[in-house]
Amino acid sequence: GKNDDWRTELRRQQSKMEEAATDIMHDSITNFEIIKYFTTEAYERSRYDQAFRNQIQFALKSELSYSLMVVSQNVIYVSCLVVINLLVAKHIHEGRMTIGDLVAVNTYVVQLFKPLEYLGSSYREIMKSLIDLEKLFELMNVPIDIQDAPNAIPFRPSSSSSSSSVSSSSSSSSSSSYIPSSSPLPLSPPTVEFRDVCF
């Protein structure tokens with residue numbers, strides 16, 4: 001209902017504030033040299049503090065709405081349990097029910113309302129994940145800047161061109177590292193020579 005829409009909008013605003021704070025942090029880290037050069041550390045710090053405070057503000061509102069939902073569920077659960085116990089106590093007083101019936105009714109009510117806690121937390125996590133996925137859907141809908149022409153022919157490299165490029169590259173590499181055989185390097189046995197040695 002209205003509470004779910006309110007909580008969804010709060011989570012969406014919290015996601016936007018979190019994204020803004022993350023963008024400011026990454027920009028500051030990436031451009032730290034420019035920030036140091038122009039001595040704008042205080043300005044960047046104030047920007048990040050403001051974005052982080054906005055994120056915390058919406059996060060607290062989201063948690064408050066979740067707590068309100070949990071309190072509402074508990075109020076409904078306790079109210080139903082009290083009313084049912086009063087009705088069963090009246091029937092026991094009239095002799096139409098026994099103590100065992102009271103225990104059975106309490107067990108039934110507890111087992112009936114217990115899954116609501118898991119359903120509430122599961123619903124919260126599902127809505128949180130769906131809201132976070134909205135950014136991914138928006139990214140997928142961003143138009144492509146560079147597009148092929150409608151009559152563009154797909155590029156398929158032929159084997160001859162690839163082999164010629166490989167042979168040309170291999171010939172160039174071999175020519176660059178080629179040593180002519182007509183002038184071999186002189187090979188002589190190693191010798192040890194002592195100069196200016198006195199005993």
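**The whole chain**

Please bear in mind throughout that this is a predicted model. Display the protein as a cartoon. Now switch to a surface view. The protein exposes about 16,400 Å², and carbon and sulfur atoms supply 64% of that area. Of the 199 residues, 13% count as buried. For contacts between residues at least 6 apart in sequence, 74% join residues at least 24 apart.

**Helix 1: Ser28**

Select Ser28, which lies in helix 1, residues 2–30. Is Ser28 buried or exposed? Its relative accessibility is 18%, so Ser28 counts as buried, the cut-off being under 20%. Next, show the side chain of Ser28 together with the backbone of Ile24. A polar atom of the Ser28 side chain lies 2.8 Å from the backbone oxygen of Ile24. Leaving aside residues up to four places away in sequence, Ser28 touches Ile35 and Glu44.

Select Tyr37 and Phe38. Three aromatic pairs are counted in the model. Tyr37 and Phe38 form an aromatic pair with an edge-to-face arrangement, 5.0 Å from centre to centre and with 85 degrees between the planes. Both Tyr37 and Phe38 are exposed.

Move on to Thr39, in the loop between helix 2 (32–38) and helix 3. What is particular about the phi of Thr39? Its phi is near 50 degrees, a positive value in a residue other than glycine. Thr39 has a relative accessible area of 60% and is therefore exposed, since the cut-off is over 50%.

**Along helix 3**

Select residues 41–94, which make up helix 3. Does the distance between its ends agree or disagree with the number of its residues? At 1.5 Å a residue, the 54 residues should span 80 Å; the end C-alpha atoms are 78 Å apart, which agrees.

Now colour the buried residues of helix 3, among them Glu44, Ala51, Gln55, Phe58, Ala59 and Ser62. Further along, Ser65, Tyr66, Met69, Leu81 and Val88 are also buried. As you look along the helix, recall a general rule. An α-helix has 3.6 residues a turn, so residues three or four places apart point the same way.

Asp49 is placed in helix 3. With a relative accessible area of 33%, Asp49 is partly exposed, because this value falls between the cut-offs of 20% and 50%. Draw a line from Asp49 to Ile24: these residues are 25 apart in sequence, and their C-alpha atoms are 9.9 Å apart in space.

Show the side chains of Phe58 and Lys61. The charged end of Lys61 sits over the ring of Phe58, 5.5 Å from the ring centre.

Select Met69 next. Its relative accessible area is 12%, so Met69 is buried. Which distance separates Met69 from Gly120 in space? They lie 8.2 Å apart, C-alpha to C-alpha, although 51 residues separate them in sequence.

**Leaving helix 3**

Methods
Residues are numbered from 1 along each chain as its sequence is written. This is a predicted model: local features need pLDDT of at least 70, side-chain atom pairs count only at pLDDT 80 or more; totals for chains, interfaces and linings use all residues. Side-chain values use heavy atoms; hydrogens and water are left out. Helices (H or I, at least four residues) and strands (E, at least two) are DSSP runs, numbered from the N terminus. Buried means under 20% relative accessible area, exposed over 50%, partly exposed in between (1.4 Å probe, protein chains only). Contact means heavy atoms within 4.5 Å. Accessible areas come from the Shrake-Rupley method with a 1.4 Å probe; for residues, only the protein chains shown count as cover. A polar contact is a pair of N or O atoms within 3.5 Å; within protein, one must be able to donate a hydrogen and the other to accept it, and residues adjacent in sequence count only if both atoms are side-chain atoms. Rings of Phe, Tyr and Trp (its six-membered ring) pair if their centres lie within 6.5 Å; planes under 30 degrees apart count as stacked, over 60 as edge-to-face and the rest as tilted. A charge sits over a ring if NZ of Lys or CZ of Arg is within 6 Å of the ring centre and within 35 degrees of the ring normal. The expected span of a helix is 1.5 Å times one less than its number of residues.
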